[in-house]
Amino acid sequence: MIGEIIESRTAEFVAEAVRYDQVPAYGSFVRVSDGELRVYGIVSGAYTGSLDGMSKAKAFFKSIHELKMEQPQIFELLRTEFSCVVVGYAQDGRYHPYYPPIHLSLHLPVEKADDDEVLLISQHLGFLEKTLNSPAGNGEELTAAAIRMAARFHPDPREYIVRVGRELLKMLNYDTQRLKAILERVDIA
Amino acid sequence: MKGTILRGSLSGGLEVRLDIGENIEEVKVGTFCVVEGRTHDFFSMVVDEDIEAANPKAFYETLSDNSLLNEVVRGTGIIDKVKIQPMIAIRREDNKVQPVKSIPSYLSRVREAREEDVFKIFGRPDRTHFHVGSPLDMDHIPVCIDLKKFIERSNGIFGKSGTGKTFYTRIMLCGMIKSGLCNVLVFDMHSEYGWEGEDEDETRKKAKGLKQLFGSKVAIFTLDPESSRNRGVHPDFVVEIPYRSIEAEDIVMVREELNLNPTALEVIYVLQKHLGQDWLITFLNMDALAIEEFAENTGAHAGALQALQRKLFRLQKLPFIKENPADDAVERIMQYLDSGMNVVLEFGHQRSMLAYMLVANILTRRIHELYVKRSERALGGTQGNNTPLVIVIEEAHKFLSPELSRQTIFGMIAREMRKYNVTLLVVDQRPSGIDPEVLSQLGTKIVALLTEEKDIESVLCGVNNARMLRNVLASLDTKQQAIIMGHAVPMPVVIKTRTYDDTFYKEITKDEDGAFRRSPMVGIKQTSGTSSFANNSDMDEPPPGKEFEDLMKELYGL
């Protein structure tokens with residue numbers, strides 16, 4: 001488990017990280033099991049702040065190491081949230097690349113998706129549309145991150161990226177400028 | 001080539017989007033392809049190619065420094081597009097061949113044609129389907145011309161000089177002679193069809209002529225026995241033409257060569273009217289006094305007569321025109337043709353346009369008369385040999401120019417003689433010089449590379465979808481590539497013509513049973529005498545049999 005859901009909408013959910021300094025990577029794939037459904041999401045942002053959400057952290061101008069030695073209690077007052085866009089769900093062993101019929105319940109545990117799950121989800125290029133239109137407004141960045149993450153699990157990453165790129169170009173209404181902006185962020189060797 | 005139909009129209013052709021990964025550089029204009037529609041297969045030809053961007057902005061991005069982006073955009077944002085023209089449709093249900101009256105539906109798959117497609121359209125090689133070449137990039141697949149249809153009408157072989165017109169003509173002649181569907185008479189200006197011709201190919205150098213390939217089926221006549229002897233050819237007959245065979249019309253035909261003005265032409269008719277059949281020799285033998293006397297009697301202008309005589313003296317320099325030749329060549333040629341042989345008339349050194357046109361016109365006029373009579377008799381029920389005749393003329397624009405084609409016998413043959421079983425095979429490098437009316441009457445055209453705009457225009461005259469074929473025509477290779485269109489092929493097709501080499505010789509000379517055999521002539525009863533003659537390969541002269549007697553009757557009215 002890497003987190004627990006604290007906010008849920010049809011299109012996205014927010015989870016609190018188990019530890020303030022352990023967050024899933026931006027653009028990585030996560031899984032939430034809700035009864036029979038396994039809902040998948042892509043990490044679309046993270047935030048670390050004070051525990052109560054009201055007061056602000058204060059600057060100490062010391063290294064993290066020094067702080068941990070001198071002021072260990074301040075770290076106990078921090079919490080980290082991360083948000084995820086919902087990309088699809090699996091039911092009865094079948095993956096559906098669209099929103100689940102009901103949004104996720106609160107307090108469900110969030111886990112990292114397994115490698116083969118990522119492979120399966122990313123085969124369906126429908127996730128691109130969700131990342132591209134991410135509510136946070138950082139669609140291109142998120143899409144690039146998701147492609148980076150997913151490509152690693154494919155036997156031929158370059159071929160996968162080309163396939164994704166072709167799909168993206170259509171979604172972008174054949175705007176090569178925007179496609180270029182995205183693909184430049186997928187700096188796979 | 002693989003792709004899908006993107007858009008298009010019946011009038012403007014179809015646009016095909018090439019599949020990702022297909023290389024447009026490998027798709028050549030003129031390629032024969034098939035569109036698999038929902039219920040029909042559309043047989044089409046690639047006529048144009050271009051590159052299109054879904055969003056034109058894409059053209060102006062610098063994609064070249066990013067290979068990944070380059071790969072993504074190619075085939076998606078910027079697509080390779082091929083324009084094709086459907087030529088013929090086949091309903092899959094019953095394999096019925098139809099003209100194209102609809103277009104394939106959107107996203108129909110397009111692929112290159114396969115062997116069975118070519119056979120479906122052009123037929124398999126057999127006696128009447130002659131293998132002339134293969135579609136572009138499909139070297140092993142034969143494309144056939146339907147010879148029966150081919151000889152039904154006059155045909156043309158066109159191409160710039162050096163594109164292999166002579167070879168296409170040779171190949172077609174071989175096909176026609178082998179099939180036995182018709183007889184051919186070749187006016188062989190450069191003496192290259194009869195015994196042997198030049199081959200530009202380094203390894204072969206010489207191209208076998210018809211006599212070498214078909215032996216006794218072909219007779220070589222010559223106008224210049226010395227030249228024939230020098231080339232090691234043994235002509236079957238030396239042609240000499242009597243003055244009395246030359247008529248006013250023949251002189252009109254060569255008026256440019258003789259530099260005659262319209263007045264001179266009128267004088268010729270006066271001469272013929274008053275002097276009768278021997279007008280030419282009588283006129284040439286007249287002295288100044290006789291001319292004046294003649295002028296007084298007929299009201300012609302003496303000066304004009306004298307000028308004409310001076311010009312006509314040129315005819316005396318032609319060695320084959322004799323006052324009293326030993327044998328009448330025209331009749332001899334007719335005998336040969338009538339007995340089912342094919343005749344090549346070599347001109348040797350007499351290759352001036354004057355000699356060529358004069359001889360061709362005189363002979364053809366007589367042949368024309370004979371065939372008209374023959375056909376009428378055939379219609380009337382009195383059967384005779386009525387095998388079609390194909391006359392091959394080179395430099396055809398000289399005979400069929402707009403000014404002359406209405407008056408000369410060739411123009412008449414091209415326009416209407418198919419009814420009388422005589423057709424032309426015109427070989428020319430300047431089709432634009434030929435009367436458009438004649439061009440449009442040509443059944444089948446075999447066209448090699450043409451670059452001159454006017455020539456392209458004129459060969460495409462009377463052809464469907466001419467606009468589309470223009471690109472194809474201009475992009476043919478200079479050698480061994482031609483487009484065949486018209487009556488004898490169901491759809492225009494670009495072919496790589498067969499190589500005229502040993503393999504071809506072997507194939508063309510072998511019959512089903514390995515020996516020469518004359519196939520029965522179409523539509524007529526054949527007397528046993530004729531076929532036994534044709535089978536006898538040692539015989540050079542037609543034997544005086546029943547047919548011969550018929551012929552004598554025909555010629556002399558005995």
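User: How many bridges join strand 8 of chain B to strand 9 of chain B, and do the two run parallel or antiparallel?
Analyst: The model is a predicted one. Strand 8 covers residues 129-135 of chain B, and strand 9 of chain B runs antiparallel to it. The bridge count, with an antiparallel sense, is four.

User: Which strands are the edge strands of the sheet in chain B?
Analyst: The sheet is open and holds 12 strands with mixed pairing. Its order is 9-8-23-22-21-10-20-19-11-18-14-15. An edge strand here pairs on one side only. That leaves strand 9 (143-146) and strand 15 (237-238) of chain B.

User: In strand 20 of chain B, which residue stands opposite N155(B)?
Analyst: Strand 10 of chain B runs parallel to strand 20 of chain B, and four bridges join them. N155(B) has its opposite number in strand 20 of chain B. That residue is L425(B).

User: Over how many bridges do strand 19 of chain B and strand 20 of chain B pair?
Analyst: The two strands pair in the parallel sense. Within strand 20 of chain B, V422(B) stands opposite L389(B). The number of bridges is six.

User: How many of the seven residues of strand 20 of chain B are buried?
Analyst: V422(B), L424(B), V426(B) and D428(B) point one way from the strand, and all are buried. T423(B), L425(B) and V427(B) point the other way, and these are buried too. Strand 20 of chain B is therefore largely enclosed by the rest of the structure. The count is seven of the seven.

User: At about what angle does helix 4 of chain B run to strand 11 of chain B?
Analyst: Helix 4 spans residues 165-179 of chain B. It lies across a set of strands that includes strand 8, strand 10 (155-158), strand 19 (389-394) and strand 20 (422-428) of chain B. Strand 11 (183-188) of chain B is also in that set. The angle to strand 11 of chain B is about 155 degrees.

User: What percentage of the residues of chain B count as buried?
Analyst: Chain B has 22 helices and 23 strands. Of its contacts between residues at least 6 apart in sequence, 69% join residues at least 24 apart. Chain B has 558 residues in total, and the buried share is 46%.

User: What percentage of the residues in chain A are buried?
Analyst: Chain A has seven helices and seven strands. Their order from the N terminus is β-β-β-β-α-α-β-β-β-α-α-α-α-α. The C-alpha atoms fill a box of roughly 55 × 40 × 30 Å along the principal axes. Over the 189 residues of chain A, the buried share is 32%.

User: Why are helix 5 of chain A and helix 7 of chain A described as oblique to each other?
Analyst: Helix 5 (residues 139-151) and helix 7 (residues 176-183) of chain A have axes that come within 8 Å. The crossing is right-handed. E140(A), T143(A) and A144(A) on helix 5 of chain A meet R178(A), A181(A) and I182(A) on helix 7 of chain A. The helices are therefore oblique, since their axes cross at roughly 50 degrees.

User: Which elements give two or more residues to the side of chain A that touches chain B?
Analyst: The contact involves 13 residues of chain A and 13 residues of chain B. By class, the chain A side has six nonpolar, four polar and three charged residues. The contributing elements are helix 6 (157-171) and helix 7 of chain A.

User: Which residues of chain B are in contact with Y174(A)?
Analyst: Y174(A) sits in the loop between helix 6 and helix 7 of chain A. With 19 other C-beta atoms within 10 Å, Y174(A) is partly exposed. Leaving aside neighbours within four places in sequence, its contact in chain A is L169(A). From chain B come A54(B), N55(B), A58(B) and G77(B).

Methods: Residues are numbered from 1 along each chain as its sequence is written. Chains are lettered from A and ligands numbered from 1 in the order in which they are written. This is a predicted model: local features need pLDDT of at least 70, side-chain atom pairs count only at pLDDT 80 or more; totals for chains, interfaces and linings use all residues. Axes are lines fitted to C-alpha atoms, for helices over the stretch in contact, and angles run from 0 to 180 degrees between N-to-C directions. Angles under 35 degrees count as roughly parallel, over 145 as roughly antiparallel, 65 to 115 as roughly perpendicular and the rest as oblique. A crossing is left-handed if the near helix is turned anticlockwise from the far one by less than a right angle, and right-handed if clockwise. Two residues are in contact if their C-beta atoms, placed from the backbone, lie within 7 Å. Ala, Val, Leu, Ile, Met, Phe, Trp, Tyr, Cys and Pro count as nonpolar, Asp, Glu, Lys and Arg as charged, and the others, Gly among them, as polar. A residue is buried if 20 or more other C-beta atoms lie within 10 Å of its own, exposed if 12 or fewer, and partly exposed in between; C-beta atoms are placed from the backbone. Two strands pair if DSSP finds at least two bridges between them.
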